[in-house]
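Welcome, and thanks for taking a look at this chain. Below is a short tour of its fold, its sheet and its aromatic side chains.

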Amino acid sequence: MANKARMTRGGFTLLELLVVIVIIGLLAAYVGPKYFAQLGKSEVTVARAQMEAFGKALDAFRLDVGRYPTTGEGLAALLAQPAGIAKWNGPYLKKEVPPDPWGHAYIYRAPGSKGDFEILSYGKDGQSGGSGDDADIVN
């Protein structure tokens, strides 16, 4: 009678539990790297979107003032009126200029290497050059 009670009791064997753990581990090993690769891409997408918003604000500044801010005035000219500019009609941004997604300040140059202005993020490493997440992002 004791043997019959043992046989009818429900539960999982150690072997069944190990098989389930191995399957979960294999799924995590397959899905994990793909998920973290997408995370890096989303930071680059955020940086590009912020740069595009800065570009629109800089265009509005140019329409009012007649020129883009100088490198010395920087992106701060979108929030506070630079000295000696009477036609400034800002602020052109609703909030302070945020850092890039990796916590570094954006770099603004006027004139830029390819146009009237250039907004630059050095990527995750904060250094010029690099590849992957460390690559420079330019508007």
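## Fold at a glance

Helices (H or I, at least four residues) and strands (E, at least two) are DSSP runs, numbered from the N terminus. With that in hand, the chain reads as α-α-β-β-β along the sequence, with two helices and three strands.

A word on the basis of what follows: this is a predicted model, in which local features need pLDDT of at least 70 and side-chain atom pairs count only at pLDDT 80 or more, while totals for chains, interfaces and linings use all residues. Residues are numbered from 1 along each chain as its sequence is written, and side-chain values use heavy atoms, with hydrogens and water left out.

## The sheet

The three strands form an open sheet in the order β1-β2-β3, with antiparallel pairing; two strands pair if DSSP finds at least two bridges between them. Because β1 and β3 (137–138) stand at the edges with a single partner strand each, one side of each is left without a neighbour in the sheet.

Strand β2 (residues 118–121) meets β3 in the antiparallel sense over two bridges. Here Ser121 stands opposite Ile137 in β3.

## Aromatic pairs

A pair of aromatic rings is described by the distance of the centres and the angle of the planes. Rings of Phe, Tyr and Trp (its six-membered ring) pair if their centres lie within 6.5 Å; planes under 30 degrees apart count as stacked, over 60 as edge-to-face and the rest as tilted. By this rule there are five aromatic pairs. One of them joins Phe54 and Tyr106: the ring centres are 5.3 Å apart and the planes stand at 80 degrees, so the pair is edge-to-face. This pair links distant parts of the chain, with Phe54 in helix α2 (residues 14–65) and Tyr106 in the loop between α2 and β1 (107–109), 52 residues apart. Phe54 and Tyr106 are buried, meaning under 20% relative accessible area, where exposed is over 50% and partly exposed lies in between (1.4 Å probe, protein chains only).

Trp88 and Tyr92 also form an edge-to-face pair, at 5.7 Å centre to centre and 90 degrees between the planes. Both Trp88 and Tyr92 are buried, and together with Phe61 they form one aromatic cluster.

## The chain as a whole

Of the 139 residues of the chain, 25% count as buried. Among contacts (heavy atoms within 4.5 Å) with a separation of 6 or more, 38% are between residues 24 or more positions apart.
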